[in-house]
Amino acid sequence: MKRSNWIGFYTFLKREFFRIFKVPNNTIFPQLVTTLFYFLIFGIAIGIKIKDVGGVPYLLFLLPGLFVQNLINGSYSNPSGWLFVSRYFGNMSDVLIAPIANLHLTLAYIFAGMLRGIFLALGTILISLVFVRFSVSNYFLLLVYILLITFTFACVGVIIGLWSYKLWF
């Protein structure tokens, strides 16, 4: 078993996180453009006919769902996609020979997925500010939910990325 190597962990985490920004046309922009389209199509085009949902304006009703959608999508797809691609193309062996404990590798994939989910959720908030004004009543509870959701789905992404073994097309 490999010894603790926090510098290696930090380096691997940094590599995984900044890999997101190397191909923003695949990792960032599609989710944020999808969010923009949801606001434009469902929020404005359909929202004209639906004024309120349970006393809440329709655009404000859409916001939490889109926020959590990007949290889940970002935190799940980052580790699952990269682990699958690394295994499929054979460069997982390069990662495994590094002097980093398996726990640290796993945590780096999980934390990078969490950061991507949080980054996409913040992008969702910025896009939503164009369409609707809102306030947060409990920031601590929001932070707890964000961390729990991203951690859970990043862990699921790691499991699926390691479990999948072939392309389906």
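How many salt bridges does the count come to by the rule that a side-chain nitrogen of Lys or Arg lies within 4 Å of a carboxyl oxygen of Asp or Glu? The count comes to two salt bridges. The structure is a predicted model, in which local features need pLDDT of at least 70 and side-chain atom pairs count only at pLDDT 80 or more, while totals for chains, interfaces and linings use all residues. Residues are numbered from 1 along each chain as its sequence is written, and side-chain values use heavy atoms, with hydrogens and water left out.

The chain contains seven helices and two strands, where helices (H or I, at least four residues) and strands (E, at least two) are DSSP runs numbered from the N terminus. Along the sequence these elements follow the pattern α-α-α-β-β-α-α-α-α. Taken along the principal axes, the C-alpha atoms of the chain fill a box of roughly 60 × 40 × 25 Å. Of its 169 residues, 35% count as buried, a term that stands for under 20% relative accessible area, with exposed meaning over 50% and partly exposed in between (1.4 Å probe, protein chains only). Among the contacts in the chain with a separation of 6 or more, 85% are accounted for by residues 24 or more positions apart, contact meaning heavy atoms within 4.5 Å.

Both salt bridges involve Glu-16: Arg-15 forms one with Glu-16, the closest N and O atoms being 3.1 Å apart, and Arg-19 forms another with Glu-16, at 3.0 Å between the closest N and O atoms. Arg-19 and Glu-16 both lie in helix H1 (residues 6-22), three residues apart, which is about one turn of the helix.

Two packed helices are described by the angle between their axes and the distance between the axes. Here the axes are lines fitted to C-alpha atoms, for helices over the stretch in contact, and angles run from 0 to 180 degrees between N-to-C directions. Helix H3 (residues 29-46) packs against helix H4 (residues 58-89) at an angle of about 160°, with the axes 11 Å apart. H3 is therefore roughly antiparallel to H4, since angles over 145 degrees count as roughly antiparallel, those under 35 as roughly parallel, 65 to 115 as roughly perpendicular and the rest as oblique. The residues of this contact divide into 10 nonpolar, seven polar and no charged, where Ala, Val, Leu, Ile, Met, Phe, Trp, Tyr, Cys and Pro count as nonpolar, Asp, Glu, Lys and Arg as charged, and the others, Gly among them, as polar. The residues that meet include Tyr-38, Phe-39 and Phe-42 in H3 and Leu-59, Leu-62 and Leu-66 in H4.

H4 also packs with helix H7 (residues 139-163), the axes coming within 7 Å and crossing at roughly 25°, so that H4 is roughly parallel to H7. The residues of the contact of H4 with H7 divide into 18 nonpolar, five polar and one charged.

Ile-125 is found in helix H6 (residues 102-131). Leaving aside neighbours within four places in sequence, Ile-125 is in contact with Leu-63, Phe-67 and Phe-134. Ile-125 and Leu-66 are 59 residues apart in sequence and 9.2 Å apart in space, C-alpha to C-alpha.
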